[in-house]
Each structure stands twice: as C-alpha cells, then as structure tokens.
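Let's take a walk through a protein model together. Have the sequence and the 3D view open, and look up each residue as it comes along.

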Amino acid sequence: MNETIDVEYNTQREHMMISEYGRNIQKMVAFAMAEPSRDRRTMLANALISLMGSLNPQLRDVADYKHKLWDHLFIISDFKLDVDCPYPLPTIESVFRKPDLLNYPQSRIRFRFYGKNIVKMIEAATQLEDGSMKTTFINLIGSFMKNACKNWNAETLSDEEILAHLEMLSEGKIRVEDNENVEFRTANFNTNSNNRNNRNFKNRNNNNNSNSNTNNNNTNNNRHRSNNNNNNNNGGQNRNGGSGQNRNFRNNTNNNNNKNRG
C-alpha cells in the first residue's frame with residue numbers, strides 16, 4: 001500500500017515580511033490577529049514584543065528600540081493588527097517612504113589631478129593684496145600642484161607650466177612677473193622611503209647570505225671531523241687486529257716447536 005506524504009515547501013508558504021524573526025513569529029502574529037478579543041490581542045502583542053526583543057538583542061543598542069519593535073510587529077502583520085499600541089500607528093507610506101534624492105555637485109573640474117580644492121585656494125589667493133604674503137601663498141599652491149601632478153600622472157611639471165595653469169585657473173587674475181621670488185618645490189618622501197627599503201632589503205640579503213655561508217662551512221667542518229674519526233677508528237681496528245693476529249701466529253709457532261722436541 002502506497003502512502004502519500006504531504007510535504008510543505010517554503011515556496012508554497014506565505015511570504016515572510018521580515019525574515020530575521022523567522023516563520024514562527026509570523027505564525028504567532030497570524031494567531032494574534034485571529035483572536036476576536038481586543039484585550040487578548042493586545043496581551044499577545046506585548047508578549048510578541050518581548051519575544052522579538054530577545055531574538056534580536058542588538059536592537060537594544062538602538063535609540064527607542066521598543067518603538068522599532070512595534071513597527072516591525074505591524075509590518076509582519078501587513079498593518080492589519082488591531083491592538084492598543086503605546087506609539088503612533090505606522091502606515092505603509094511612512095515605513096516604505098523613499099528617501100529624497102541628494103543633489104550632487106556637478107561642477108566641471110578642468111584639471112582633475114589638481115582636485116576641486118585647488119580652485120578654491122586660487123580664488124582665495126586672488127583676493128590677497130600684492131606682497132610677500134601673496135607670493136608665499138602662490139608658492140604653496142604651486143608646490144601642491146606640482147606634487148599632485150607627480151602623484152597622479154607620474155611626471156613633474158616645470159615651473160613655467162605650473163604658472164600657466166595658475167593663470168588659466170585664476171582666469172588671468174594671477175600673473176607672476178620674472179622679478180618675483182617664485183619657487184615651486186616637490187616632495188621626495190616616497191623616493192627616500194624606497195631607498196631606505198632597498199637598503200634594508202640588501203642588508204637582509206647580505207645577512208642571509210653570510211648566515212648560509214657560515215652554515216655551509218660548519219656543515220663541511222662537521223663532515224671532515226666525521227671522516228677523520230672514521231679513519232682513526234679504522235686505523236685502530238687495523239692495528240688491533242694485526243697485533244692480535246701476530247700474537248696468535250707466534251703462539252702457534254712455539255707450540256709446534258715444543259711438539260717437535262718432544
């Protein structure tokens with residue numbers, strides 16, 4: 001006799017509104033919704049809030065987490081649960097409201113490797129009066145431009161090209177004469193650090209090579225010592241064996257002579 005087993009698959013079940021709480025919580029909410037008494041529904045809802053809080057203890061770190069649990073309870077019930085709630089009842093529009101779009105700045109940057117802040121710095125420099133302060137500020141801006149180009153484009157611009165870019169970005173408000181003390185410097189921090197790393201790498205290689213050579217020499221010395229010991233042992237055995245054989249030969253000769261005399 002063939003028996004058929006009814007299996008309930010998740011694809012045949014009701015869609016879970018919030019999967020973090022599990023299907024059993026959703027079944028309890030459905031049971032509370034089927035309760036005819038409003039007071040009993042409210043009591044079941046409070047018990048569900050306590051259970052939901054224990055299932056997700058991380059919500060306790062959120063400000064006003066009880067309010068959030070009640071909102072989750074109404075979302076699970078598809079906003080059909082009629083109980084006495086200590087907070088304002090949420091609506092579908094308030095819960096699933098899309099955030100407002102952010103207005104991103106769409107200003108055009110002529111030289112992207114300089115960035116947007118360099119334009120603001122040049123505008124501030126144009127408002128300064130002519131003098132040593134303005135010249136120093138222009139030197140700082142030009143040095144920053146030269147380093148930015150070196151970092152992003154792997155090339156160093158000349159001072160004339162930096163001055164041309166300054167005049168272009170300032171719309172002709174910054175023009176440096178030949179007699180002004182203008183000097184744009186580049187930072188060499190990366191080069192120095194690379195040199196130090198190369199030196200340290202070479203020193204480590206030299207130390208490793210010297211250690212390996214020392215180990216090889218020690219190994220060779222140990223081999224020579226072991227060979228010498230083996231030779232000494234063999235020589236001792238030969239001497240001992242030869243002397244023992246000579247004594248036995250002499251004893252046998254003496255015994256034969258004594259027999260002949262007798």
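## The main core

Which residues have the most contacts inside the largest nonpolar core? They are Y21, M52, W70, L73 and I76, and the core has 20 residues. A nonpolar core here is a set of buried Ala, Val, Leu, Ile, Met, Phe, Trp, Tyr and Cys residues joined through side-chain atoms within 4.5 Å. Buried means under 20% relative accessible area, exposed means over 50%, and partly exposed is in between (1.4 Å probe, protein chains only).

A quick word on the ground rules: this is a predicted model, where local features need pLDDT of at least 70 and side-chain atom pairs count only at pLDDT 80 or more, while totals for chains, interfaces and linings use all residues. Residues are numbered from 1 along each chain as its sequence is written, and side-chain values use heavy atoms, with hydrogens and water left out.

## Who builds it

Back to the largest core of 20 residues. Helices α1, α2 (38-55) and α3 each supply at least two of its residues, and the largest share, 6 residues, comes from α3. Helices (H or I, at least four residues) and strands (E, at least two) are DSSP runs, numbered from the N terminus.

What does M52 touch, not counting residues up to four places away in sequence? The list is Y21, I25, L69, H72, L73 and I76. Contact means heavy atoms within 4.5 Å. Now find G22, in the segment before α1. G22 and M52 are 30 residues apart in sequence, yet 10.0 Å apart in space, C-alpha to C-alpha. G22 counts as partly exposed, at 22% relative accessibility.

## Rings that pair up

How many aromatic pairs does the structure hold? There are 5. Rings of Phe, Tyr and Trp (its six-membered ring) pair if their centres lie within 6.5 Å; planes under 30 degrees apart count as stacked, over 60 as edge-to-face and the rest as tilted. One of these pairs is W70 with F74, which is tilted: 6.3 Å centre to centre, with 35° between the planes. Why are W70 and F74 separated by about one helical turn? Because they sit 4 residues apart in helix α3 (residues 65-76). W70 is buried, at 3% relative accessibility, and F74 is buried at 3% too.

Next come F113 and Y114: their ring centres are 4.4 Å apart and their planes meet at 65°, so this pair is edge-to-face. Y114 is buried, with a relative accessible area of 4%. Together with F111, the residues F113 and Y114 form one aromatic cluster.

C149 is in helix α6 (residues 132-153) and is buried, with a relative accessible area of 1%. Leaving aside its neighbours within four places in sequence, C149 is in contact with F113, Y114, A154, E155 and L157. C149 and F113 are 36 residues apart in sequence but 6.2 Å apart in space, C-alpha to C-alpha. H165 lies in helix α7 and is buried, with a relative accessible area of 15%. With neighbours within four places in sequence set aside, H165 is in contact with F111, Y114, M145 and L157.

Most residues other than glycine have a negative phi. F79 is not a glycine, but has a positive phi of about 60°. F79 is found in the loop between α3 and α4 (92-95), and is partly exposed at 21% relative accessibility.

E171 also has a positive phi of about 60° without being a glycine. Where is E171? Look in the loop between α7 (159-169) and α8 (189-261). Is E171 buried or exposed? At 67% relative accessibility, E171 counts as exposed.

## One more stop: I5

Last, find I5 in the segment before α1 (23-33). I5 is exposed, with a relative accessible area of 72%.
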